[in-house]
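Please examine the sequence and the model below.

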Amino acid sequence: MAPGVLLDDRADAPHTLSAKRFNTDAPKDLFPDGIRTSGQHPPTYEKLRSYEDFPKEITGPTVWKPEDYQNSPERWVHWFTEEEKEELGAAADVYMKSGAPLTGLTKGSFPLPKMSRLMDEIREDVIDGKGFVLMKGFPVEQWGVDKSAVAYIGLGSYLGYFVSQNGKGHILGHVQDLGDDPTQIHRVRIYRTNARQFFHADTSDVVGLLCIHRAMEGGESDIASVHHVYNTLQRERPDVIKTLTEPIWYFDRKGEVSKGEDEWIRTQILYIEPDGKGRVYCKWDPYFVRSLTRFSDAGKIPPLSPKQTDALQVLEDTCMRLKLHMVLEVGDIQWLTNAHVLHSRTEYKDHAPPAPRRHLMRLWLSTPESEGGWHLPFPDSDEKRRGGVQVDNTPPKYPLQGE
Ligand SMILES: [Fe+2]
């Protein structure tokens, strides 16, 4: 299978970032910040700040309550206009016809003169504003999966550049129930099951989800403002915030480990962006923390303490209390920041075959100005960030591999 095309998540492949981890061939004009893997990276411990350095309260547009938005869709929902669909569809046709590699798709090679201003506003809103936007009416049924994928990546290129989503270097993830057993949390990525996902952030600056097929029931989306949750807990349970700022949390690499690396990383859940604006960010996924009992049972790492178990439950419960609920319909695209929004999904049931299963296409995007966002301060940062996605200059194959 050629690297660098849109790959399917279902193919067997070794769970390793392998020799290509340091992809020094990555063109800087396409990946100005280096090619990053979705793997977990340990922080530079001396750059982590202690609880005393964290603000008592966070202010600004990143702090929001569900009632600020739940009855005002005009503040966060954008319906594609006919003109926008026409422009986007035409750009996708031209790109597909050109034979240019999909991994080379950038804002520069996917001109959207009419839509670019809107996308700039969305980008600003996602990165530095409320952190979420829902776009509706993307014509997936009319365009089919191939053209939809190209148009979707093209749209995403206006928000950031794509990064790989696993050790196989996949840039377009298929969120679908593949029958994986969700109780095997040490080796299963929950997005490949129909289980409920607790509040978490993905390991990219921005995540996009395009709904191709809905479930028969469930699979609905909840999001919460990390900064509102933070302020609430600073008032109600500052001890929990303190625990979340301690570098005592182990995250599972779930087998996506390069040679010589540990099977886990240890870090903070709440941390202060090391450079840039010094914002409070959150790196959290309970499935990657709870899955480590195979190592704690063997005495390799400490088990979760009662204080930690309490903190993660309080975090989940507080997100549940302060969540904004939304349902993704076919043709909806949800854009979220992972730096200051946590998201979750309800359990779901698919229609019986031959009806299609619930299917979302996921993009993970990197935004250079979010440096220090989910990317904890890396040691020897340039080298550590490379790997994962491999760039291929051969023409793409249509239909896209994986579909
Ligand atoms: Fe997620």
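**Terms and their grounds**

This is a predicted model. Residues 24 or more positions apart account for 85% of those contacts in the protein chain that have a separation of 6 or more. The secondary structure of the chain comprises nine helices and 17 strands.

Q: Why are helix 1 and helix 3 called roughly perpendicular to each other?
A: Helix 1 (residues 82–98) and helix 3 (residues 140–156) pack at an angle of about 100 degrees, their axes being 9 Å apart. Angles of 65 to 115 degrees count as roughly perpendicular, and the two helices are therefore described in this way.

Q: Which residues make the contact between helix 1 and helix 3?
A: Helix 1 contributes Leu88, Gly89, Ala91, Ala92, Tyr95 and Met96, while helix 3 contributes Trp143, Lys147, Val150, Ala151, Gly154 and Leu155.

Q: What is the make-up by class of the contact of helix 1 with helix 3?
A: The contact has nine nonpolar, two polar and one charged residues. Gly counts as polar and Lys as charged; Gly89, Gly154 and Lys147 are among the contact residues.

Q: Which residues touch the most other members of the largest nonpolar core?
A: They are Ile153, Leu210 and Leu342, in a core of 82 residues. Helix 3 gives the most to this core, namely eight residues. Leaving aside neighbours within four places in sequence, Ile153 is in contact with Leu102, Leu105, Phe162, Leu172 and Leu363.

Q: What share of the 403 residues in the protein chain is buried?
A: Buried residues make up 44% of the chain, the criterion being 20 or more other C-beta atoms within 10 Å of the residue's own.

Methods: Residues are numbered from 1 along each chain as its sequence is written. This is a predicted model: local features need pLDDT of at least 70, side-chain atom pairs count only at pLDDT 80 or more; totals for chains, interfaces and linings use all residues. Axes are lines fitted to C-alpha atoms, for helices over the stretch in contact, and angles run from 0 to 180 degrees between N-to-C directions. Helices (H or I, at least four residues) and strands (E, at least two) are DSSP runs, numbered from the N terminus. Angles under 35 degrees count as roughly parallel, over 145 as roughly antiparallel, 65 to 115 as roughly perpendicular and the rest as oblique. Two residues are in contact if their C-beta atoms, placed from the backbone, lie within 7 Å. A residue is buried if 20 or more other C-beta atoms lie within 10 Å of its own, exposed if 12 or fewer, and partly exposed in between; C-beta atoms are placed from the backbone. A nonpolar core is a set of buried Ala, Val, Leu, Ile, Met, Phe, Trp, Tyr and Cys residues joined through C-beta atoms within 7 Å.
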